[in-house]
Amino acid sequence: MLLLVTSLLLCELPHPAFLLIPGKSDLRTVVPASSLNVRFDSRTMNLSWDCQENTTFSRCFLTDRKNRVVEPRLSNNECSCTFREICLHGGVTFEVHVNTSQRGFRQKLLYPNSGREGTAAQNFSCFIYNADLMNCTWARGPAAPRDVQYFLYIQNSKRRREIRCPYYIQDSGTHVGCHLDNLSGLTSRNYFLVNGTSREIGIQFFDSLLDTKKI
């Protein structure tokens, strides 16, 4: 008997520990955005910026396309923050606020899902059967070109290990699924990323969170 694990809804509700009411920051003179040099590493979900001397207040958060705010906790002397259990395929905006004893800094960083609309994999789902076997399947995006090729990557909740699909399921040469016969590297919650390539146009990615504890 196949057990379907639905992962789409998990991207709708970020972890409660990271949902905070935006606080007020007593900003003084706001300097140009380039002063913080904000950067984001999508593999580790880490947002970092240049440290400022005499920092009295720091805040980092993201806003998704539905205007929901996700904000991890951090102390004033930290110059980075890590986001957990979030999906990025809808596009997000990161923002960093830093106060020092002399002035304030603010910078936004847009993280769009680049590529043509409608090219990302869709209808993503996974089946776990016989306790340690899993099949994940998806459909070609409606606007994807003929030469599109998709690739699946999985990270466990700690983001310390990346698993590449070992055996792809194909339809006319296009990857439309993946079979895994060893789930030992997975944890209860895992991040799935399906990206794509094409010689014709840019392909958008799809990402999702899957909770294997619910089966």
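**A chat about aromatic rings and strands**

Guide: In this predicted model, ring pairs link Phe 40, Phe 83, Phe 94 and Tyr 111 into a cluster.

Visitor: How many aromatic pairs does the structure hold?

Guide: The structure holds eight aromatic pairs, and one of them is formed by Phe 94 and Tyr 111, whose rings sit edge-to-face at 6.4 Å centre to centre, with 75 degrees between the planes.

Visitor: Which parts does that pair tie together?

Guide: Phe 94 belongs to strand β8 (residues 92-100) and Tyr 111 to strand β9 (residues 104-111), so their pairing ties together parts that are 17 residues apart in sequence.

Visitor: And is Phe 94 buried or exposed?

Guide: Phe 94 counts as buried, because its relative accessibility is 0%, whereas Tyr 111 is partly exposed, with a relative accessible area of 22%.

Visitor: Changing topic, how many helices and strands are there in the protein?

Guide: The protein has 17 strands and zero helices, and of its 215 residues, 46% are buried.

Visitor: How do strands β14 and β15 run, and how many bridges join them?

Guide: Strand β14 (residues 167-171) and strand β15 (residues 174-180) run antiparallel and are joined by five bridges, with Tyr 168 standing opposite Cys 178 in β15.

Visitor: What do β14 and β15 form, then?

Guide: They form a hairpin with two residues between the strands, and Ser 172 in the turn has a positive phi of about 55 degrees.

Methods
Residues are numbered from 1 along each chain as its sequence is written. This is a predicted model: local features need pLDDT of at least 70, side-chain atom pairs count only at pLDDT 80 or more; totals for chains, interfaces and linings use all residues. Side-chain values use heavy atoms; hydrogens and water are left out. Helices (H or I, at least four residues) and strands (E, at least two) are DSSP runs, numbered from the N terminus. Buried means under 20% relative accessible area, exposed over 50%, partly exposed in between (1.4 Å probe, protein chains only). Two strands pair if DSSP finds at least two bridges between them. Rings of Phe, Tyr and Trp (its six-membered ring) pair if their centres lie within 6.5 Å; planes under 30 degrees apart count as stacked, over 60 as edge-to-face and the rest as tilted.
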